[in-house]
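The exercises below are meant to be worked through with the sequence and the model side by side. Each one sets a task and then gives a solution in steps.

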Amino acid sequence: MPHRREFLTSALATGLTLSAGSPLSIIGAPLPVPTQTHKLPALPYDYNALEPHIDEQTMRLHHDKHHQGYVNGLNKAEDMLSEARSSGDYSLVQHWSRQAAFHGGGHWLHSMFWKVMAPNGKGGGGEPSGVVMDAIQSDFGSFDAFKKQFTSAANAVEGSGWALLLYQMEDKKLLVLQAENQQKLSVWGAVPVLGIDVWEHAYYLKYQNRRLDYIESWWNVVNWKQIEMNLNALI
Ligand code: MN3
């Protein structure tokens, strides 16, 4: 499907007139409307389901406004990138590639973030078992050692970012990394299987500047079954 501007340009070039407020049409036939490639996924639970660890208002703002913003930003960046490529303006290509990386990172990580959480006692909290526990023990020594390292990494992110547990495909090992913003990582070939958002918008309403309290409470809603599915898809 052509992008909207290309389409409008070609529509106008062929002498069509567009009237404001009415659907585009050629002699009654509806014209294709540009699709928004990426869409905001629904939360897999209610907005208040993670209380008291993550409050309802934070979840509403975080999912409906912040995540939606990344989805919109990614759709726009991809459209603009396509235009910049056709025009041959490679400084714009670079600009929109960076925007796509930022917003795409945000969209992907938030989509994972909602899924790796579940209400406490209903899939959330406790410890992993099976393949996840085996991998954690083998790569970090113990679950406790992993949890301390991950908590410390999350708490120490400078400014906005994430702590991530990733599976390194080449080494077949788990590792913990920080991502600044959404996308600045230091390792290739590693896929996130668990992550915590430590941007202030993820916790500030309830925890204010007490990021560590948020992280420690967050462990109560970690959905280890989902992490097992994420890992099993890679190994
Ligand atoms: Mn966020």
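Lys172 is found in the loop between strand 3 and strand 4, where helices (H or I, at least four residues) and strands (E, at least two) are DSSP runs numbered from the N terminus. This is a predicted model, in which local features need pLDDT of at least 70 and side-chain atom pairs count only at pLDDT 80 or more, while totals for chains, interfaces and linings use all residues. Residues are numbered from 1 along each chain as its sequence is written, and side-chain values use heavy atoms, with hydrogens and water left out.

**Exercise 1. Describe the backbone and the exposure of Lys172.**

Step one: phi of Lys172 is near 55°, a positive value in a residue other than glycine. Step two: Lys172 counts as exposed because its relative accessibility is 57%, given that exposed means over 50% relative accessible area, buried under 20%, and partly exposed in between (1.4 Å probe, protein chains only).

Step three: for another residue with positive phi, turn to Gln208, where phi is near 45° and the residue is again not a glycine. Gln208 sits in the loop between helix 6 (204-207) and helix 7 (211-218), and its relative accessibility of 33% makes it partly exposed.

**Exercise 2. Find the backbone nitrogens that the side chain of Gln168 reaches.**

Step one: locate Gln168 in strand 3, where it is buried because its relative accessible area is 11%. Step two: look for polar contacts, that is, pairs of N or O atoms within 3.5 Å in which, within protein, one must be able to donate a hydrogen and the other to accept it, residues adjacent in sequence counting only if both atoms are side-chain atoms. The side chain of Gln168 reaches the backbone nitrogen of Glu170 at 2.9 Å and that of Asp171 at 3.0 Å.

Step three: list the contacts (heavy atoms within 4.5 Å). Leaving aside residues up to four places away in sequence, Gln168 touches Lys173, Leu175, Val187, Trp188, Gly189 and Ala190.

**Exercise 3. Work out which residues coordinate the manganese ion and how they are spaced.**

Step one: collect the donors, which are N, O and S atoms within 2.8 Å of the metal (3.2 Å for Na, K and Ca); water is not among the atoms, so sites may look incomplete. The manganese ion is coordinated by NE2 of His62, His110 and His201 and by OD of Asp197, at 1.9 to 2.2 Å.

Step two: along the chain, these donors follow the spacing H-x47-H-x86-D-x3-H. Distant parts of the chain are linked by the pair of His62 in helix 2 (residues 56-87) and His110 in helix 3, 48 residues apart.

Step three: check the burial of that pair. His62 counts as buried because its relative accessibility is 1%, and His110 is likewise buried, with a relative accessible area of 0%. Beyond four places in sequence, the residues touched by His62 include His110, Asp197 and His201.

**Exercise 4. Identify the buried residues of helix 8 and what covers them.**

Step one: in helix 8 (residues 224-232), the buried residues are Trp224, Gln226, Ile227, Glu228, Asn230 and Leu231. Step two: their cover includes helix 3 (90-115), helix 4 (130-140) and helix 5 (143-156), together with strand 3 (161-168), strand 4 (173-180) and strand 5 (190-197).
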